[in-house]
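Student: I have a model to go through with you. I want to know what each label rests on. Can we take the labels in turn?
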Amino acid sequence: MKNVIDWIQQATSIVVLTGAGMSTESGIPDFRSKEGRWQQVNPLTVATVEALKSNYALFQSFYRARIQALVDVTPHNGYYILAKWQQQKRVTHIATQNVDRLHQKAGATHVSELHGNIETTRCQSCGKQYDDATRFLNEARCTCGGALRPNVVLFGEYLPEEAWEKTIQAIRHADIVFVIGTSLSVYPVNQLPSMTTGKLIYINLEPASNDQQFDATFYGKAGEILAQLDE
Ligand code: BV8
Ligand code: ZN
């Protein structure tokens, strides 16, 4: 712990990469833990373009429930610590696989949303963008008649290019990369940690199969460990 606090104090460019485990302390379940979403539902039946096309009602109800569950959710203290480090210019880049926008709600700016977000919507047919989810929740159809969908990256889809490129650049130039609350099982984000020449730090409730690459590992709750590091 003390070593890592020294590294943080000396660093000039810290990059943060988060996953669903960063949001469980705010009450949002993750995907692959015991209580994770993918224990109840097979992602291929709800989070693919094939799912959208073959069973739109199921696709819509899956995402509707997640959008509605976000209404009363607020960021926990760990999110505020990361936003503060960003304001202090210690953190130079935040990238997330989460679609919940909790980093932004805690005051972080310029967050690279590698898997998109669930608050905005687009048309699967014409690509028209809607800046909230109202029309997706109520009418489900675009003005063109096409099916609406959240602006998330479904399995089999490409990641948003700008967010991806910016994150790679930031990671290459980082002194420290924090990887927080992710099982590192989803490609291509799981390729990012190995791209740094800086120190690599992992904060997660449990070990991951590919965590030998880290210079320091903290197994526990992200909010609690970030509070200890923020001394
Ligand atoms: C792509 C948005 C190029 C939507 C998500 C076979 C078939 C089909 C596809 C593939 C295949 N094999 C490989 C693939 C590629 C696939 C992939 O990697 N699949 C894996 C799962 C096998 N990847 C893709 O399809 C990607 N695109 O490859 O494009 C391409 C294109 C065409 C053809 C070929 C190639 C796109 C992936 C994006 C998918 N969309 N999200 C939505 O949210 O509905 S990803 C999905 O996993 C989740 O949604 C989440 O965003 C993401 C990452 O998960 P994690 O964040 O890591 O969450 P997880 O639950 O796994 O882990 C949480 C961890 O936190 C746990 O370890 C837990 O212990 C810990 N934790 C819990 N609480 C705490 C905590 N830690 C600390 N503190 C706590 N309090
Ligand atoms: Zn349309």
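Tutor: Start with contact: two residues are in contact if their C-beta atoms, placed from the backbone, lie within 7 Å. By that rule His 115 touches Gln 97, Val 99, Val 152 and Val 153, with residues up to four places away in sequence not counted. Before going on, the ground rules. This is a predicted model, where local features need pLDDT of at least 70, side-chain atom pairs count only at pLDDT 80 or more, and totals for chains, interfaces and linings use all residues. Residues are numbered from 1 along each chain as its sequence is written, while chains are lettered from A and ligands numbered from 1 in the order in which they are written.

Student: What is the mean pLDDT of the protein chain?
Tutor: The mean is 97, where pLDDT is the predictor's confidence in each residue, from 0 to 100. 100% of the residues reach 70 or more. For the complex, the predictor gives an ipTM of 0.95 and a pTM of 0.97.

Student: Why is His 115 called buried?
Tutor: Buried requires 20 or more other C-beta atoms within 10 Å of the residue's own; exposed means 12 or fewer, partly exposed is in between, and C-beta atoms are placed from the backbone. His 115 has 21 such neighbours, so it counts as buried.

Student: Where does His 115 lie?
Tutor: In the loop between strand 3 (111–113) and strand 4 (116–123). Helices (H or I, at least four residues) and strands (E, at least two) are DSSP runs, numbered from the N terminus. The UniProt annotation "active site", from an unreviewed entry, covers His 115. UniProt positions are given in the numbering used here, feature names are shortened, and annotations may be inferred rather than shown by experiment.

Student: Which residues does UniProt place under "binding site"?
Tutor: The unreviewed entry lists Cys 123, Cys 126, Cys 142 and Cys 144. They are spread over 22 residues of sequence, yet they cluster in space, with a largest C-alpha distance of 8.6 Å.

Student: What makes Cys 126 exposed?
Tutor: Its count is 11 C-beta neighbours inside 10 Å, so Cys 126 is exposed. Cys 126 sits in the loop between strand 4 and strand 5 (129–130). Cys 126 touches Cys 142, Cys 144 and Gly 146, with close sequence neighbours, up to four places away, left out.

Student: Why does Cys 144 get the label exposed?
Tutor: Cys 144 has 10 other C-beta atoms within 10 Å, so the label is exposed. Its loop runs between helix 8 (134–138) and strand 6 (148–152). Beyond four places in sequence, the contacts of Cys 144 are Cys 123, Ser 125, Cys 126 and Lys 128.

Student: What makes Pro 29 partly exposed?
Tutor: Pro 29 has 17 other C-beta atoms within 10 Å, so it falls in the middle class. Pro 29 is found in the loop between strand 1 (14–18) and helix 2 (37–40).

Student: Which residues come nearest to ligand 1?
Tutor: Gly 19, Gly 21, Phe 31, Thr 182 and Ser 183, out of 32 around ligand 1. A residue is near a molecule or strand if its C-beta atom, placed from the backbone, lies within 6 Å of it. By class, this shell has 13 nonpolar, 13 polar and six charged residues. Ala, Val, Leu, Ile, Met, Phe, Trp, Tyr, Cys and Pro count as nonpolar, Asp, Glu, Lys and Arg as charged, and the others, Gly among them, as polar.

Student: How is the protein chain divided?
Tutor: Into domain 1 (1–28 + 75–115 + 159–231) and domain 2 (31–69 + 117–152). Such bounds come from an automatic or database domain assignment. The shell around ligand 1 draws at least three residues from each domain. Their centres, taken over C-alpha atoms, are separated by 26 Å. Eight residues of domain 1 are in contact with six residues of domain 2.

Student: What is the phi of Leu 184, and why is this residue called buried?
Tutor: Phi is near 55 degrees, a positive value in a residue other than glycine. Leu 184 has 21 C-beta neighbours inside 10 Å, so it counts as buried.

Student: Why is Lys 89 called exposed?
Tutor: Lys 89 has 10 C-beta neighbours inside 10 Å, so it is exposed. Phi of Lys 89 is positive too, near 65 degrees.
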